[in-house]
Every structure is written in structure tokens, then in C-alpha cells.
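Hi there,

Here is the structure I promised to hand over to you. Please open it alongside this email, and then read on for what turned up in it.

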Amino acid sequence: MGAKASTVPIYAAENCPAAIRGGLVMSWQMWTAFGIFLGFCANLAVYNVGDIAWRLQLGSAFIPAIPLVIGVYFCPESPRWYIKKGRYQDAFSSLCRLRNTPLQAARDLYYIHAQIKEEADIIGKNNYVTRFVELFTIARVRRATLASFVVMLAQQMC
């Protein structure tokens, strides 16, 4: 769950059109909870079958995992990542797979390029260490950091 929980929503948000971005990212959380429910049901179905129950419980996790691993190879690379690396043709090809028309892909390629340029201008010469320190030294950001910490802690406790 760890790496998937932090990478999949970002990948989905980077690659989907702005009109459905929020709904798609939120539906990911709903389907994750539904998958946990299905895992619980699978464990409940085989918990009392004898000495092999633990094997069936562990093996049932492979049923949804195998199609997921196969499906990952059909996902295009992130166009944003391609643009950060200066590979605009690859980014355009990736966007063409994600959008209905090449015109929409070209529009989004320009939007992503402009956004990355603005982000670079704002960040400037800062590195990860200085931005991490700013999480606790700037009052507005510190309150947001504290709020996100409380939410994550509460989510783990409930």
C-alpha cells in the first residue's frame, strides 16, 4: 500500500484532464477502500477451511495483483516527467494516448510546459532541504503541515 498510496494519485492527477481530476483522484481512494473490503471478504470466506486457510488467505492477494501488474505496462509515462527531462516528442506521444485529439494533446503539452517553467521560476535556487525547512518556519505552511499530520495520524488510528 505504501508506494501505491503516494504514487497512483499523483500519476492520475498528472495525466487526466482538469475537468475530471478531482473526481478521479477521489474515486481512487474509494476503490482502494473497496479493495480492502474485498480482501476482508476473501479472508472471511476461507478462514475456517482447515490447515491451508493461511495459504488461501495469502494467495488470494495475488488474484487482483496479477492483472494490476500486467496493466501497469499499458500505462503511458507521465508527460510531465518527459517535459522535465526535455523529451517533448515523447511527452506529446504520451499525451496523444491520454487525450481524444492531437489538438487537446498539444494544448495540454503547452500548459504543462508553462506550469513547469513557472514552478522553476518560483522555486529558483532552492533545494529540497530548504523547502523542507520551510514546512516548519513559515507560519502558514507550518499550520498546513500540522493539519496534514493530524489527518494522517487520525486516519491511522481509526
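Let me start with a cluster of aromatic residues: Trp31, Phe34 and Phe37 are linked to one another through ring pairs. Rings of Phe, Tyr and Trp (its six-membered ring) pair if their centres lie within 6.5 Å, and planes under 30 degrees apart count as stacked, over 60 as edge-to-face and the rest as tilted.

Before going further, please keep in mind that this is a predicted model, in which local features need pLDDT of at least 70 and side-chain atom pairs count only at pLDDT 80 or more, while totals for chains, interfaces and linings use all residues. Residues are numbered from 1 along each chain as its sequence is written, and side-chain values use heavy atoms, with hydrogens and water left out.

Back to the rings. There are five aromatic pairs in the structure. One of them joins Trp31 and Phe34: the ring centres are 5.5 Å apart and the planes stand at 85°, so this pair is edge-to-face. Both residues sit in helix α2 (residues 21-46), three residues apart, so about one helical turn separates them. Helices here are DSSP runs (H or I, at least four residues), numbered from the N terminus. Trp31 is exposed, at 52% relative accessible area, and Phe34 is partly exposed, at 38%. For these words, buried means under 20% relative accessible area, exposed over 50%, and partly exposed in between (1.4 Å probe, protein chains only).

Trp81 and Tyr82 make another aromatic pair, a tilted one, with 5.6 Å from centre to centre and 55° between the planes. Trp81 is partly exposed at 39% relative accessibility, whereas Tyr82 is buried at 12%.

Tyr82 also takes us to the inside of the model. Which residues make up the largest nonpolar core? There are eight: Tyr82, Ile83, Ala91, Leu95, Ala105, Leu109, Ile112 and Ile116. Helices α5 (79-84), α6 (88-98) and α7 (102-123) each give two or more residues to this core, and α7 provides the largest share, with four. A nonpolar core here is a set of buried Ala, Val, Leu, Ile, Met, Phe, Trp, Tyr and Cys residues joined through side-chain atoms within 4.5 Å.

Leu95, one of the core residues, is worth a click. Leaving aside residues up to four places away in sequence, Leu95 touches Pro79, Ala105, Asp108, Leu109 and Ile112, where contact means heavy atoms within 4.5 Å.

Now for the charged residues. Side chains of opposite charge can pair when their charged atoms come close. Four salt bridges are counted, each being a side-chain nitrogen of Lys or Arg within 4 Å of a carboxyl oxygen of Asp or Glu. Arg80 and Glu119 form one of them, with the closest N and O atoms 2.5 Å apart. This pair links distant parts of the chain, as Arg80 lies in helix α5 and Glu119 in helix α7, 39 residues apart. Arg80 is buried at 14% relative accessibility, while Glu119 is partly exposed at 28%.

Arg87 and Asp90 also meet in a salt bridge, at 2.9 Å from N to O. Arg87 is partly exposed at 36% relative accessible area, and Asp90 is partly exposed at 29%.

Finally, have a look at Arg99 and Asp108, whose side chains form a salt bridge of 2.3 Å, N to O. Both of these residues are buried. Salt bridges with shared partners bring Arg99, Arg107 and Asp108 together in one network.

Enjoy exploring!

Best wishes
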